[in-house]
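Work through the exercises below with the sequence and the model open. Each task is followed by a solution in steps.

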Amino acid sequence: MLNNLKPQAQDKILALMGQFRADPRDTKIDLGVGVYKDADGKTPIMHAVKAAGKLLWDTEITKTYSGLAGEPDYHAAMAEMVLGAGYPADRLAALSTVGGTGACRQGFELAAMANPDCTIWVSDPTWPNHLSILNFMGQAHKPYRYFDSETRSVSFDAMMEDLKGVKKGDIVLLHGCCHNPTGANLTLDQWGAVADLLENTGAIPMIDLAYQGFGDGLEEDAAGTRLIASRLPEVLIAASCSKNFGIYRERAGVLFVLGDVATRDLTQSTLAYLNRQNYSFPPFHGQALVTKVLTDPTLRAQWQAELEDVRLGMLGLREQLAAELRQLSNSDRFDFIAEHRGMFSRIGCSPEAVEKMRVDNGIYMVGDSRLNIAGLNPTTVPILAKAIIDAGV
Ligand code: LMR
């Protein structure tokens, strides 16, 4: 049996992690996988999360199974964070998932169950694992143009042109903020135009919200999602706690599904069914950490301040890199780095230039020239800037 297996293409982001680890150079710089790092290259546990963990340790009295769909208090705390206070609880079904990836997967599964003929429209480019999961599922999908590789900004007209091809019941996958891999994001007006298009076509938005708090702020980063949620009758939202709570390995995510009041219970039981079929109960610990942080006023204030430091640190690095490149290139053609938001920017150079930076300078970025800004510090920014110019970008 096992000799029938075929080798699978390696995920390019995870493959890069292995390549980086194997590089013996002390000077190597990891700008690959989307993990936040401080100026010392560490991914620390946030103080508020550590404190929440201690409280849980002291008060937890059982390790028996938790809720199949997850914990209602986690759903409520996350719904308030994502959708804002006063979200329509009577229309909202929620599922705790194995990280944000699990939320995407369960969202795709739900869409396929509800409408086997649907096509899932994905931005070109998108997070490679979106495509990989959709291919693995045998789910029909189509790209819509998103990124202008000349200006390194959203090619909104092309996006809207392509989305005119959606059919009623298709799913349009949107990145809620901090687009991965490009760093280029929709303005609120553009979100409004997307909402108009979805209303007019009857396509259903699914929003992947993996970086809330990493772009313009916790509330600001949810603005597009909230606008869509306030306008469309049916909305799927896959949210991750990996990045903004720094709890990558706890695998805490949530899938929200907004629909009719009348279909809410059916949706909720279908979601629970999906968990049972795929992995039964979702991980508990991450949900408990997040709930504690979000509902304890002291911890919440501490966490928000820590998250804001992370966000402002990345913005500072963006500005430093753009300034450094402005000086070295004697032009403003890299100013887009300061305009982009989140962990990533696609700098728009060839795979050969990316490879040259790896070989010559030990700088690791994804082959499509996505770099993780959080992998830098004030000392490595000038090294990267020089490498970019030397690679002829
Ligand atoms: C990334 O894009 O680097 C992150 O979302 C991590 C991952 O799982 O790919």
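**Exercise 1.** Are helix 2 and helix 10 roughly parallel or roughly perpendicular to each other?

Solution. The model is predicted, so local features need pLDDT of at least 70 and side-chain atom pairs count only at pLDDT 80 or more, while totals for chains, interfaces and linings use all residues. Residues are numbered from 1 along each chain as its sequence is written, and side-chain values use heavy atoms, with hydrogens and water left out.

Step 1. Locate helix 2 at residues 47-59 and helix 10 at residues 285-295; helices (H or I, at least four residues) and strands (E, at least two) are DSSP runs numbered from the N terminus.

Step 2. The two axes cross at roughly 110° and come within 9 Å. Axes are lines fitted to C-alpha atoms, for helices over the stretch in contact, and angles run from 0 to 180 degrees between N-to-C directions.

Step 3. Helix 2 and helix 10 are therefore roughly perpendicular (under 35 degrees counts as roughly parallel, over 145 as roughly antiparallel, 65 to 115 as roughly perpendicular, the rest as oblique).

Step 4. Across the contact (heavy atoms within 4.5 Å), Ala 48, Val 49, Ala 52, Gly 53, Leu 55 and Leu 56 of helix 2 face His 285, Ala 288, Leu 289, Lys 292 and Val 293 of helix 10. The classes of this helix 2 and helix 10 contact are eight nonpolar, two polar and one charged. Here Ala, Val, Leu, Ile, Met, Phe, Trp, Tyr, Cys and Pro count as nonpolar, Asp, Glu, Lys and Arg as charged, and the others, Gly among them, as polar.

**Exercise 2.** Describe the packing of helix 6 with helix 7.

Step 1. The axes of helix 6 (residues 156-163) and helix 7 (residues 188-201) are 11 Å apart, at an angle of about 10°.

Step 2. The pair is therefore roughly parallel.

Step 3. Helix 6 contributes Phe 156, Met 159, Met 160 and Leu 163, and helix 7 contributes Gln 190, Ala 193, Val 194 and Leu 197. That contact of helix 6 with helix 7 has seven nonpolar residues, one polar and no charged.

**Exercise 3.** Which residues of helix 3 and helix 8 meet?

Step 1. Helix 3 (residues 72-83) packs on helix 8 (residues 223-231) at about 100°, with axes 8 Å apart. Helix 3 and helix 8 are therefore roughly perpendicular.

Step 2. Glu 80, Met 81, Val 82 and Leu 83 of helix 3 meet Thr 225, Arg 226 and Ala 229 of helix 8. By class, the contact of helix 3 with helix 8 holds four nonpolar, one polar and two charged residues.
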